[in-house]
Structures are given as structure tokens and as C-alpha cells.
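Try each one yourself before reading its solution.

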Amino acid sequence: ATHGPIVQEILTWFFGYGGLLFDLLIGFLLLTSKIVWLGILASSMFHILNWIFLNIGVFPPMMLSSNFLYVKPHLVRDGLRFAVRYLIDRWPSSRFIQSIFPFFLQSLKPLYPHEAQHVDSGIRFMDYSLPIHNSTEGDSLSQRKLARRKKGFTREEIITIIILVYFVIQILLPFRHFLIHGTDVMSISWSEEGHWFAWRMKLRHKMTEGHFKILPEGEDTPYQFRYKQSINSKQLGKMRTNPEMIWQYANYYIHDVYCMKLMKFKDCKVFAHFNASLNERIKQTYIDPTVDLAKA
């Protein structure tokens, strides 16, 4: 127990700087044929740890499976052939295996002759150099391009423009929170505006608690709405930390569905009383409890 803080600090430094080095080096490791195995090992360890410690859905198993893209093709086929043969020999009485897997084994034949000899099939750079044209061919090619130019953009130019627009969006969109909040990065964690698709994963921990109150038209005293009975635990966890989801729930479900359709009220007001703690700080009022979310 006395070594707890020391171990915790070591792990903090390991995961912090280890993750930084991983992000900086993993591309070079995976694209270098002689040490690609080291990159696959590091990538596998990284995504397995993410799978264990972080709740980020299908991303870790999907990225683990993508490691096969960096394995030499003949090794993948040899491994699959070995596994299929083992299953065929292990369960000779299985009608499913004996009827399906032999056809699967036939499909794992080498696609190219060099794979049969297990020749090194590491990374190769394709030759994109253009063939040499004589002057007559060059002139005719220029004339064709000039004729297409009169009609509008060429196909290559259109593709180039689309790619450039795509990359500009990918670069600028993650920084849109500066247009919304300026340099006040803490406001992003409170309002969640500009948080998604902005490289802000695992930057904050938010804990919230609260309730909704309904004030039917013609009454003076609002009453508390039991919202936990209408959504499951996963939906509850997502909604309570996102102001937009709280507004959507109050506007659509509480007002439109519960008040207007189920209770048959002429109209009602919906108020949210929520407090939030950001990164273990003291809880503060999260949403203005005087605002009618049904009309907001």
C-alpha cells in the first residue's frame, strides 16, 4: 500500500509518454518491412489495452484486425490453410466442416506465382513515372487537353479539387470550437459544442445528477418527472452529460410524448435541474433551471 502513489505515478508517465511515442512512431514501424513485426506487436498491445481499460466500442477490435494488412500475404494464407486443415482433421465427422471448409481451402491457393516460393512480399513502391512520348504524341495530347479545357474542368482536375476540399474539411472541422468558444477550452467540456470530431477523446470526466420538473398549463406547482424509467442506463449516462441531449429529451419526449399525448395536457413547461462536476471539481449548476426547455 505504501508503494501505491509511486506505482501510480510511474503508470501515469508510462501511458502518457508511451502513448505519445506510439502515435509518433507507429506509422514508420508499420511501413518498414524489416521491423514491421515490431509495429504489429506495439499496435496489438496498444489496442488490447484500449479494449480493456477504455469504453470506446468496436474501435480496438477493428484496429486489431487491420494489423493483417501489414502481414505478408503468403503468411496470412499459410496460417489460414493450417487452421482450416486442422479443423478438417480435428472434426472429421462434422458435416458442416467437411462440406464447407474444403472449398474454403481451395480458395486459399496462392494468387501469384512468387507467393508459392514464399518470396519476400514486403512493401513495394509503385512506379508512377509516365512513359516517354515523342513530340507528335505530346502535341496531340496537349491538343486533346486543350479541347477538354474549353468544355470545362478535366476529370483529373475535378478529382483533385474533391480531394483538396475533403482534406481542408478534415483539417478545419476539428478546430471549429475556436469559432464557437474562442480560446475558452473549458466551455467545450461544459456545453459539448465542438467536442465531437475534434481530437478531444478522453480529455475530461464529467459526473452529473439532476431531475426534470413539469408545470402543466393552468397549475402553479411543478412536479418532478421520473425520467429514469423511460430510458435505459446507457442512454441515461449519455444524456445527462450532454446539454443538447437533455434539451432533446425534454422537448420531444417529456413535452410532446408525455405531456401532450399521454397526459393530454393543453400545454406544459419543462425545466431541468442538473448539477455537474468536471474533472472531480465541485458540482455546479449545469443548466439554467428557470428556462422552459419545451420552448427553448
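**Exercise 1.** Find the residue in E3 that is the bridge partner of His211, and work out how the two strands pair.

*Solution.* Start at His211: its bridge partner in E3 is His273. This is a predicted model, so treat the pairing as computed. Now widen the view to the strands themselves: E1 covers residues 206-216 and E3 covers residues 268-278. They pair in the antiparallel sense, over eleven bridges.

**Exercise 2.** Take the salt bridge between Lys206 and Glu192. Decide what it ties together, and whether Lys206 is buried or exposed.

*Solution.* First, the contact: the two side chains meet at 2.7 Å, N to O. Next, the location: Lys206 is in strand E1, while Glu192 is in the loop between helix H10 (186-191) and E1, so the bridge ties together parts 14 residues apart in sequence. Then accessibility, where buried means under 20%. Lys206 comes out at 10%, so it is buried. Glu192, at 7%, is buried too.

**Exercise 3.** Do likewise for Glu209 and Lys283.

*Solution.* Their side chains meet in a salt bridge at 3.3 Å, N to O. Glu209 belongs to strand E1 and Lys283 to the loop between E3 and strand E4 (284-285), so to speak distant parts of the chain, 74 residues apart. Glu209 has 40% relative accessibility and counts as partly exposed; Lys283, also at 40%, is partly exposed as well.

**Exercise 4.** Which parts does the pair Asp267 and Lys295 tie together, and which residues share partners in a network?

*Solution.* The closest N and O atoms of Asp267 and Lys295 are 3.3 Å apart, a salt bridge. Asp267 lies in the loop between helix H12 (243-262) and E3, and Lys295 in the segment after E4, so parts 28 residues apart in sequence are tied together. Asp267 is partly exposed at 24%, whereas Lys295 is exposed at 51%. As for the network, salt bridges with shared partners join Glu192, Arg204 and Lys206. The whole structure has four salt bridges.

Definitions and conventions: Residues are numbered from 1 along each chain as its sequence is written. This is a predicted model: local features need pLDDT of at least 70, side-chain atom pairs count only at pLDDT 80 or more; totals for chains, interfaces and linings use all residues. Side-chain values use heavy atoms; hydrogens and water are left out. Two strands pair if DSSP finds at least two bridges between them. Helices (H or I, at least four residues) and strands (E, at least two) are DSSP runs, numbered from the N terminus. Buried means under 20% relative accessible area, exposed over 50%, partly exposed in between (1.4 Å probe, protein chains only).
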